[in-house]
Amino acid sequence: MLTQLINGRIFTPQGWLNEGSVLIKDGKILEVTNCDLALVDAQMIDAKGMYIVPGFICMHAHGGGGHDFTECTEEAFRAIIQAHLRHGATSFYPTLSSSPFDKLHQAAAICEKLMDEPDSPVLGLHIEGPYLNPKMAGEQFAGQVKAIDEKEYKDLVESTSCIKRWDASPELPGALDFARYLKSKDILVAISHTEAEYPDIKAAYEAGFTHAAHFYNAMPGFHKRREYKYEGTVESVYLTDGMTIELIADGIHLPSTILRLAYTLKGVEHTCLVTDALSFAANDGKPIDDPRVIIEDGVCKLADRSALAGSIATSDVLVRTMVKAGVPLGDALRMVSETPARIMGVYDRKGSLQKGKDADVVILDKDLNVRAVWQKGQLME
């Protein structure tokens, strides 16, 4: 069946089309045109002047809809993905937080199964940890970090083809060999939960660490030891031209000034937006039953309010937050669609509204709320 989206502002790689239509057939974008004429044999969808934009790519989220990927069940995986789909995330990289390797093997098996399903939104597995600096691991990874073990990570990678990203602390013994190996397998390697300074980041980048997870969070900035001053991870990443970054743009993990700074210094092509969401995201306001945490101000906090415990954002929140921070809407959209697609190597089929790409399309109203989602041409209910 041919579907034609009309009467909306269409965001394309060349900019906005204020008149035109998007044609969808057999799960693909048949054409994006500046013609608004109705086709006789098409199902017409009137966008009523709203925004027609590319589907969002969720490349770092731990859970949602009341579930966490570490549950390692198909039910949990499907529930999380469906919860985020309703908020415009048409492509997904399930993220396993620091976990024992038996769980990582379980998760890989589930991920493989979902990826093999027709028109699956799952593009691969993302692992964060367990090779993290204990000083920077935080409450959520307490007791779940360990030294780098070459045999165990090679065994896992060799057993599956679904791993597309792995995050670690680059200053750990064995981290550079870890990065070189993953790079040879076309797996994105990211720095995370780190104390790395410039020499560490320079060596890490050369070894294959090309991305910085949740930039600014769980990493130091400019600091002092005794009478001398040192660049932190943040400044080191800024000075590494080819390194890409991701921002938790929920408006809480980073203030608007820092969001604008990162966007200004790194640019749209090197900056993507992530939710880093916990199970409490997209959970329809259901109460939580964990006495250790509370939901307040649009974020999850430790119950004593001493620290943030994690994000409850969805992808549409990221766009709204960046626009409120003063970033043009088109750039905010690119950072949640085009840039992650390029970083993850799927821009040939994802990340923009172009002829021949997967029909992953979102309609946003004037307040940037999601009004409709098509994932590979299928309208999500």
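Predicted model: local features only at pLDDT ≥ 70, side-chain atom pairs only at ≥ 80, totals over all residues.
Local features here need pLDDT of at least 70, side-chain atom pairs count only at pLDDT 80 or more, and totals for chains, interfaces and linings use all residues. Residues are numbered from 1 along each chain as its sequence is written, and side-chain values use heavy atoms, with hydrogens and water left out.

**Helix 8**

Helices (H or I, at least four residues) and strands (E, at least two) are DSSP runs, numbered from the N terminus. Helix 8 spans residues 315–324, and seven of its ten residues are buried, so the helix is largely enclosed by the rest of the structure. Buried means under 20% relative accessible area with a 1.4 Å probe, protein chains only. The buried residues are S315, D316, L318, V319, R320, T321 and M322. After helix 8 comes G326, with a positive phi near 105°.

**Strands**

Two strands pair if DSSP finds at least two bridges between them. Four strands form an open sheet in the order 5-4-1-6, with mixed pairing. Its edges are strand 5 (28–33) and strand 6 (42–46), each pairing on one side only. From one strand to the next the twist averages 20°, with axes as lines fitted to C-alpha atoms and angles running from 0 to 180 degrees between N-to-C directions.

| Pair | Bridges | Opposite residues |
|---|---|---|
| Strand 1 (2–6) and strand 4 (21–25) | five | I6 and S21 |
| Strand 20 (293–296) and strand 21 (299–302) | four | I294 and K301 |
| Strand 21 and strand 22 (308–311) | three | K301 and L308 |

The hairpin of strand 20 and strand 21 has two residues between the strands, and D297 takes a positive phi near 60° there. In the hairpin of strand 21 and strand 22, five residues lie between the strands, and R305 has a positive phi near 60°.

**Cavity and pocket**

On a 1 Å grid over the protein atoms alone, a cavity is a set of points where a 1.4 Å probe fits but cannot get out; a pocket is an open set with protein on both sides within 12 Å along at least five of seven lines, and lining residues have an atom within 4 Å of a point. One cavity of 30 Å³ or more is counted. The largest cavity holds about 40 Å³, and its lining is F11, T12, P13, P54, R334, S337, E338, G351 and S352. That lining divides into three nonpolar, four polar and two charged residues.

The second largest pocket holds about 280 Å³. Its lining has 17 residues, with K164, D186, L188, M344 and G345 nearest its centre.

Methods: Buried < 20%, exposed > 50% of the residue type's maximum accessible area, 1.4 Å probe, protein only. Points joined across faces, edges and corners; volume = space filled by probe spheres on them. Nonpolar A, V, L, I, M, F, W, Y, C, P; charged D, E, K, R; others polar.
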